Amino acid sequence: MQEWIKQLQNIVNSLDKLEEFINVSPEEKEAITSMKTKWGTTPYFASLMDPDDPACPIRMQVIPSRKEQVNCYGLQDYLIFKENRAVGEKRPDCIARQYQDRIAFTVTDICANYCRHCFRKELVVDQELSLRFDLNEGLDWIREHTEVRDVLITGGDPFILSDDKLDRIITELRRIPHVEMIRFGTRTPIVLPQRITPELMEILGDFHRIPIWINTQCNHPVEITQQTAEAVFNLLKCGVNVGNQAVLLKGINDDVDTFRLLHQKLLSVRIRPYYLFYCEAAPGIDHFRTTVEKGSELIRDALRGHTTGLAQPMYVIATNIGKIPLMPDYYFQEKTDKEYILKNYKGQTTTLPLISE
Ligand code: SF4
């Protein structure tokens with residue numbers, strides 16, 4: 001059996017299994033035993049946890065916390081709002097759209113790691129929202145929409161799908177004349193690098209008219225290992241570029257030294273920092289959220305001028321009207337005692353709840 005499948009079969013999702021890796025704190029134990037929430041990670045990612053430190057950045061991203069039950073700033077039905085599911089164009093469940101020429105094709109709600117800070121938490125962790133992941137329906141919709149040139153395949157984690165399913169999605173998309181690029185959002189190079197097998201490399205292929213781009217999510221330098229380095233190198237060998245979409249997380253990567261080291265280490269394993277996302281206003285993740293200003297301060301104080309320009313991601317917030325840059329010289333339209341008012345590339349505005357320090 002392939003190692004990545006073994007990893008998934010042995011997912012660490014119970015107190016007993018977790019205790020094989022770390023000394024579980026009383027707070028962690030209480031949260032695990034009292035909360036009804038989906039959680040879990042691969043044995044590989046669990047092995048990177050600090051066994052004695054509950055503030056370990058991997059533990060904080062993986063192990064449930066009672067803080068998730070506090071929701072002062074998160075928006076209910078966040079994903080429906082964010083992905084414009086209740087307004088405008090009628091689309092299949094698996095197609096999310098904020099732009100004219102590109103769409104997100106959601107193919108699963110399964111992940112190798114259930115990140116506690118996930119903005120899709122309502123779908124993948126709390127399972128309050130259920131969507132129909134019908135590949136045929138999604139592919140048909142893309143075929144009919146000739147304005148779509150860029151397809152982002154997302155989840156959950158799309159690399160959890162079998163080789164056969166991934167092969168079919170890629171092959172079908174490459175047959176559509178108006179599709180010019182395929183992107184995958186997958187955390188597997190970080191939480192399950194064993195997924196990048198020779199068989200998968202064969203499917204991703206080498207030179208092709210329609211390139212494949214991958215963006216992964218790495219939030220702390222301890223997540224980067226020799227196995228990640230090899231997985232990324234193998235992806236590059238088959239013509240797939242790998243970028244990173246970090247999430248700004250309070251207590252995990254919101255200090256200058258960690259933030260700089262994260263972006264330097266990403267480049268050392270050939271991952272290009274692409275985005276730094278402000279942690280979105282999804283419910284139950286207030287405790288991960290910093291002020292909006294924090295990210296631009298970190299770009300200013302940790303990266304700009306302090307290390308190579310290749311290490312600098314674009315700091316953005318993903319909203320219902322598209323991504324909005326939040327770089328140090330691009331600030332708010334207005335800020336009240338309750339909310340920020342932000343402007344997008346078309347001059348449209350949206351709001352975001354203000355969180356105090
Ligand atoms: S892998 Fe992605 S979709 Fe899955 S829980 Fe983590 S952030 Fe959410």
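**Note on the predicted model**

1. In β11, Ile341 is the bridge partner of Glu334. The model that shows this pair is a predicted one. Strand β11 covers residues 339-343, and β10 pairs with β11 in the antiparallel sense over two bridges. A hairpin of three residues connects β10 to β11.

2. The sheet around this pair is open and has three strands, in the order β10-β11-β12, with antiparallel pairing. β10 (334-335) and β12 (349-353) are at the edges with a single partner strand each, so one side of each has no neighbour in the sheet. Strands of a sheet pair through backbone hydrogen bonds, either parallel or antiparallel.

3. Which residues of β11 lie on the covered face, and which on the uncovered one? Tyr340 and Leu342 form the covered face, while Glu339, Ile341 and Lys343 form the uncovered face. In a regular strand the side chains alternate between the two faces of the sheet.

4. Helix α14 is linked to this strand by packing: the buried residues of α14 pack against β11, and also against α13 (256-268), β7 (272-277) and β8 (314-319). The buried residues of α14 are Val292, Lys294, Gly295, Ser296, Leu298, Ile299, Ala302 and Leu303. Lys294, a lysine, is on that list.

5. As for its dimensions, α14 (residues 292-303) has 12 residues and reaches 17 Å from its first C-alpha to its last, close to the 16 Å expected at 1.5 Å a residue. Just after α14 comes Gly305, with a positive phi of about 85 degrees.

6. Ile182 belongs to strand β4, residues 181-185. Is Ile182 buried or exposed? Ile182 counts as buried because it has 22 C-beta neighbours inside 10 Å, and the cut-off for a buried residue is 20 or more.

7. What does Ile182 touch, leaving aside residues up to four places away in sequence? The contacts are Val151, Ile153, Ile170, Leu173, Ile210 and Ile212. For one of these, Val151, the C-alpha to C-alpha distance to Ile182 is 5.1 Å, although the two are 31 residues apart in sequence.

8. Taken as a whole, the protein has 14 helices and 12 strands. Its radius of gyration is 20 Å, close to the 21 Å that the globule rule gives for 357 residues, so the protein is as compact as a globular protein of that length. Along the principal axes, the C-alpha atoms fill a box of roughly 55 × 50 × 45 Å.

9. Two figures describe the interior and the contacts. Of the 357 residues in the protein, 41% are buried. Among contacts between residues at least 6 apart in sequence, 78% join residues at least 24 apart.

Technical notes: Residues numbered from 1 in each chain as written. Predicted model: local features only at pLDDT ≥ 70, side-chain atom pairs only at ≥ 80, totals over all residues. Helix = DSSP H or I, 4+ residues; strand = E, 2+ residues; numbered from the N terminus. Rg over C-alpha atoms; globule rule 2.2 N^0.38 Å. Buried ≥ 20, exposed ≤ 12 C-beta atoms within 10 Å, placed from the backbone. Contact = placed C-beta atoms within 7 Å. Pairing = 2+ DSSP bridges. Expected span 1.5 Å × (residues − 1).
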